[in-house]
Amino acid sequence: MDQNKRNALLNKEMAEKMITSEDYMGARDKLVEAKKLFPMLENVSSMLTVCDILCAASIKFPGCGVDNYWVLQLRPSANDSDIKSRYWKLVGMLRPVKNTFPGAELAFKLVQDAFTVLLDGGQRFGFDLKRCQSWRNCGAHEITNKDRVETAQSSYGTKVASTSEISDGSNKENDVTDIFPKIENSQQEKIDSPGASWISSHVVPVENEEIDRVAESTSSHTTSELQTVIHKKREDNFFNFNNIRRDEVFDVGQIWATGYQAYLPRRYAMITNKSNFELSVAWFKPVPLTADERRWCQADIPVSCGSFYLDTDMMQDKLSGSRIFSHICSPVHGLTEEFEIYPKIGEVWAIYKDWDLFEWSCNLELLKGGKFEIVEILEDYLKYTGALVTRLIKVDGFKNIYQRDNEEESNSTFHISPTNLYIFSHYIPSFKFMGGEMDKIEEGMFELDLLALPQDGVNFKPLNETSSSNISIVTEILPPLKPQAETQSFKGNWSTNDISVGQIWALYSGSDAMPRLYALINSFVSMSHVIVTYLEPQPVIDVEISWEKENLPIVCGIFRVGKTVQTLEMLWFSCPAKFQRSTNGVFYKIYPRKGEVWAMYKNWNKKWSQSDYQNYQCRIVEILSDFSDDSGVKIVRLVEVKGCMTFFQRHRYDGFELTRAVSKAEMLSFSHRIPAFVVPGIGRYGIPENAWHLEPDALPPRHIT
């Protein structure tokens, strides 16, 4: 690896010298070789971008000069949104090397110049005329600097056409007649094949219809008239959100947020069939977790966050018109057909102002008169902790551009707890500015999709009013959800932001103060005290019944809500438990989940008594699979990293990890869960990659290292 890295750095130095001598293709070849030798070479993709831009600009046309479409790697039919998107992508690629890599500043200037010309209607029109005339009159054989144009694989991943494909026109995608429109065949033969290959791989074609459009325009209008027309056609907005809803984007199997019968994108549908301009969709229904959420859903009020389930019994609808659809979703799928959608960092959402889950679900008139606030998500929403958001306000002079509310007295940043999940109305597609894109636009501002931007006065239409479909509620025992990622640090002091009503937490208890007692959170007494109800084991099989009679701790299995209610300080809390709940809310299933770390009793026996338990020892294991009644769980043993008491790694024997299955009958061999998270390798302390850092307070006093 070290030798590869040295060779890669050597190739990089050679590339820098070639750039200085204007051998851009040679420099590019060296960088491609360097990337193959050492893919982690810093900013190598940015350097390749520099070479691509300089190569494109080195090919000049009489009367036209540098082809701005080539520089930005765009088709002549590109609209303003395409140009802006490509410009900011290239700027982002060039920025890391702007002051360190030869030619980067020149490439940056070329991109800016091309952007300026193509985004201005008048300048673009004039450039298009010169470009088309140059192609027709001069032919491709008059391209200068042909010796620099050699076959190369584009760093953008564009397909490279072979010489045979270009010469015989068999490859329609890279047909040379698209690249050199209306040039005689004899002129095409004068193109050197390496140059043609580079053009095919790096440059998008000039389309005949584009030239015809310009030619027809010039025959019936003067230049000044056409400039006026073009200026009128320019979009008022910076980002064209309609591009995310183009017909070619839709495909079977996708999940979309729709405004169908709800005015705003607050219902989710899966595309099941695509025929011409009509789409068949199946609807998802929400999976409420609390009594208030069930009341909300029974009132048929739209739900945009949480868990959803595809209703295969619901009649499918046929929809047409892209404006019905807002945006494609990227949900997190669980172990079943259920999927989850929660706000993610950087997204923009609408939330209900002065929202009240109970009151609104009981009185729909309150909902219809409600108002909205727009917020930016500052951290991923977690099911156990909620999310931090900040309020956005409209920028003066714009109808759909928003910025953060920085007034000190506005309390613009606030926390939304998991119990308030339904306060989220819907996601709003957005574009975040880097600053300078338009007049009065600053870094961090958002342009919002007008189609999803709400107006005060909450409008919704129950789905069952005009459709045979009806969103019903899942009332069965909830299927297991995908394990939640742990916070990447241990909490020294829990707060009301970390704990929510309805959660189950493991509590430190017993003579060894290990987290083996479960409690249901009822309510908060203060910022540091909560009222809880303890859970009690509900033994089912004989070994569990015997274990309970011996008054031994049970941490896996079925639990019931007990009768003991107590006020506790949060310092007794270890970690939230993942569970499945019965429909009546009385019974809970708690078993180890994939990705967790647990302590297991060494030499455990189902016939243990209190005396056996008093001298227990533990091994530390990582859970490799979720629990099932048939196969239990799969585990791998963890051992302490030498010299690091709270860092553990997978145990290996002769290079193999030792794994085994733990059956349902052996679940009592689990002592308790240990909060833990994976850490990157720390070489100087001998901590390997993907080692685990364990909560010291939950490490059993006698564990095998």
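Between which domains does the largest cavity lie, and why?

1. In this predicted model, domain 3 (491–590) and domain 4 (591–704) both give residues to the lining of the largest cavity, so the cavity lies between these two domains.

2. A search of the whole structure finds five cavities of 30 Å³ or more, and the largest of them holds about 110 Å³ of space. Its lining is made up of 14 residues, of which Y518, A577, I590, W598 and R673 are the closest to the centre of the cavity.

3. As to the elements that contribute to this lining, at least two residues come from each of the strands β20 (514–524), β23 (573–576) and β33 (670–674). By residue class, the lining of the largest cavity divides into ten nonpolar residues, one polar residue and three charged residues.

4. Elsewhere in the numbering, strand β3 (residues 255–258) and strand β4 (residues 267–275) run antiparallel and are joined by four bridges; within this pairing, A257 has Y268 of β4 as its bridge partner.

5. Strand β4 is also joined to strand β5 (residues 278–286), again in an antiparallel arrangement, by six bridges, and here K274 has L279 of β5 as its bridge partner.

Note on methods:
Residues numbered from 1 in each chain as written. Predicted model: local features only at pLDDT ≥ 70, side-chain atom pairs only at ≥ 80, totals over all residues. Heavy atoms only, no water. 1 Å grid on protein atoms, 1.4 Å probe; cavity = no way out; pocket = protein on both sides within 12 Å on 5 of 7 lines; lining within 4 Å. Points joined across faces, edges and corners; volume = space filled by probe spheres on them. Nonpolar A, V, L, I, M, F, W, Y, C, P; charged D, E, K, R; others polar. Domains from an automatic or database assignment. Pairing = 2+ DSSP bridges.
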